[in-house]
Each structure stands twice: as C-alpha cells, then as structure tokens.
Amino acid sequence: MTSKLEKILDFIVLDAEQNPVTNEQGLPTLLQGPVGAKSIPDLIAKGKIENLALFAELQSKTEQWEWAYKYYDYLVELNEVKQYNANLPEPVADEDGTLIEVEPKALPTEPLRPAVRTVDEILEPYKVTIFKLQRQSQIDNAVVEISTGKNFDADEKSITRMANALIKHWQLNEDDTILWSTADVATGVMVECTKAEIVEAHSLATDHFATAWNID
C-alpha cells in the first residue's frame, strides 16, 4: 500500500517527517482540493474572458484532484477486496458432497493519472473564439484622445452617433460647437465640443476600429 500512497503524495496530509498520515486501515487523509472551478465553455459563451487563464489553471488542478479522488476510492476498494479475499470462508459441501469454494473478488482497476495540462492546452480549442471576443472587447471599450486633450468613446455605437451628428450639422463651421457627452465626464453630462473636434474624434475612432478588425 505504501508504494501506492506515494502516487498521491501531493494530495494527502503528511506528518512532520513527510510521511503520509493514514488511518487504521492504512488509508491516507486527503488535503482540501481546489474550489471555485468554473466551466471554461460557459464562461466563453457568456463573454467572460477576463480571468480565463486563472480558471484554466484551476481546471488543470481540478482534473488532477478528480483523479486523486478516484484513486482514493480505488485504494478503499482495494483494501476491502484484499481483506475479503484474505478471509474467505472454508469450502462448503453441497448435497452430493461436492465442495463449493467461495471465489475471491477481482482486484479493482487502478485509475491512470492524466497528464497535467497547461493553460494553453486547456484554452486551445477556444483560441479563435477567445481572439474574437478579445477583439470585440477592445472595440467596445475603446477611447480615443484628440489633439485638444478631450477623450471620446470609440465603440461602434459612438462612431455611428458621431457620424450622424456630423451629417446633421454638416452646415456648421469647424469652430461651431456641438454638445457631446465625452469619455471624460459622467454619462449624460454634455460638453461643448467644436465640429472640428467631433470630426477628429470620428476619424481616430474609425481608424482604431479598422486596425482592430484589420480593415484596410
């Protein structure tokens, strides 16, 4: 049993001499496994990609702990089977005198430990989707700064709003003002911006959008 316990040393309680702490049956005491694991596909489906690397690392650890739990159950069953086989009842004669022997139980199958997967290996099947979500997030949260120091939201809706405003006020001079809620102020607070500033912000925003989507 000792050699088998060595396979799960990373998952069991050790004493001061780094030996497994076992119970009367010679079975180990498991440490607390990882908590807080979340489904990578579910997170990606919801667009929650900010901490994917952390959750992928946690999933890798969880996979190893799932094996450790299975291995512990295997040790418990193995111990029970060995005890049963070591104490088989004596053969019993049937009516015609034939001795009937109790068959020993088959030993359980030892679960194989899976390879430890890296974060990249876990996220590989979702690489394209993650890239698209990251790109969309970059666009959705984009802000551009114009030459006068003002900051403007540069997401797709803001680009459309700026274009609509410029079409509506096409007759204004470059230094005429348009009220605008810039990225420097709270939502709904309007700032006086010149038409030239809106034109510059729109140009920078569309350039950023094209770069993010690799549009020439």
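## The end of helix 7

Helix 7 is followed by Asn-214, a residue with a positive phi near 55°. Helices (H or I, at least four residues) and strands (E, at least two) are DSSP runs numbered from the N terminus. The model is predicted: local features need pLDDT of at least 70, side-chain atom pairs count only at pLDDT 80 or more, and totals for chains, interfaces and linings use all residues. Residues are numbered from 1 along each chain as its sequence is written, and side-chain values use heavy atoms, with hydrogens and water left out.

Helix 7 itself has 18 residues and reaches 26 Å from its first C-alpha to its last, close to the 26 Å expected at 1.5 Å a residue; the expected span is 1.5 Å times one less than the number of residues. Its buried residues are Lys-195, Glu-197, Ile-198, Ala-201, His-202, Ala-205, Ala-210 and Ala-212. Here buried means under 20% relative accessible area, exposed over 50%, and partly exposed in between, with a 1.4 Å probe and protein chains only. These buried residues of helix 7 pack against helix 5, strand 3 (143–145), strand 4 (151–153), helix 6, strand 5 and strand 6 (191–194), where contact means heavy atoms within 4.5 Å.

## Overall architecture

The chain contains seven helices and six strands, and from the N terminus on its elements run α-α-α-β-β-α-α-β-β-α-β-β-α. The radius of gyration is 33 Å, well over the 17 Å that the globule rule gives for 216 residues, so the chain is more spread out than a compact globule. That radius is taken over C-alpha atoms, and the globule rule is 2.2 Å times the number of residues to the power 0.38.

Along the principal axes, the C-alpha atoms fill a box of roughly 115 × 45 × 30 Å. Of the 216 residues, 28% count as buried. Among contacts between residues at least 6 apart in sequence, 55% join residues at least 24 apart.

## Nonpolar cores

In soluble globular proteins, nonpolar side chains tend to be buried together. A nonpolar core is here a set of buried Ala, Val, Leu, Ile, Met, Phe, Trp, Tyr and Cys residues joined through side-chain atoms within 4.5 Å. The largest such core has 15 residues, and those with the most contacts inside it are Phe-152, Met-162, Trp-180 and Ile-198. Helix 6 (156–168), strand 5 (177–180) and helix 7 (195–212) each supply at least two residues of this core, and the largest share, four residues, comes from helix 6.

Leaving aside neighbours within four places in sequence, Met-162 is in contact with Phe-152, Asp-153, Trp-180, Ile-198, Ala-201, His-202 and Ala-205. A second, separate core of 12 residues includes Phe-11, Ile-12, Ala-68 and Tyr-71.

## Aromatic pairs and charges over rings

The structure holds six aromatic pairs. Rings of Phe, Tyr and Trp (its six-membered ring) pair if their centres lie within 6.5 Å; planes under 30 degrees apart count as stacked, over 60 as edge-to-face and the rest as tilted. The rings of Phe-11 and Trp-65 have centres 5.0 Å apart and planes at 85°, so this pair is edge-to-face. The pair links distant parts of the chain, 54 residues apart: Phe-11 is in the loop between helix 1 (2–5) and helix 2 (40–45), and Trp-65 is in helix 3 (residues 52–86). Phe-11 is buried at 4% relative accessible area, and Trp-65 is buried at 10%.

Trp-65 also pairs with Tyr-69: the ring centres are 5.6 Å apart and the planes at 50°, so the pair is tilted. Trp-65 and Tyr-69 are four residues apart in helix 3, a separation of about one helical turn. Tyr-69 counts as partly exposed, at 38% relative accessibility. One aromatic cluster is formed by Phe-11, Trp-65, Trp-67, Tyr-69, Tyr-71 and Tyr-74.

A charge sits over a ring if NZ of Lys or CZ of Arg is within 6 Å of the ring centre and within 35 degrees of the ring normal. Lys-105 lies over the face of Tyr-84, at 4.5 Å from the ring centre. Arg-161 lies over the face of Trp-180, at 4.5 Å from the ring centre.

Helix 5 (residues 127–140) has 14 residues and reaches 20 Å from its first C-alpha to its last, close to the 20 Å expected at 1.5 Å a residue. Its buried residues are Ile-130, Arg-135 and Ile-139. What covers them includes helix 2, helix 3, helix 4 (119–123), helix 6 and helix 7.

Gln-18 is found in the loop between helix 1 and helix 2. Its phi is near 65°, a positive value in a residue other than glycine. Gln-18 is exposed, with a relative accessible area of 53%.
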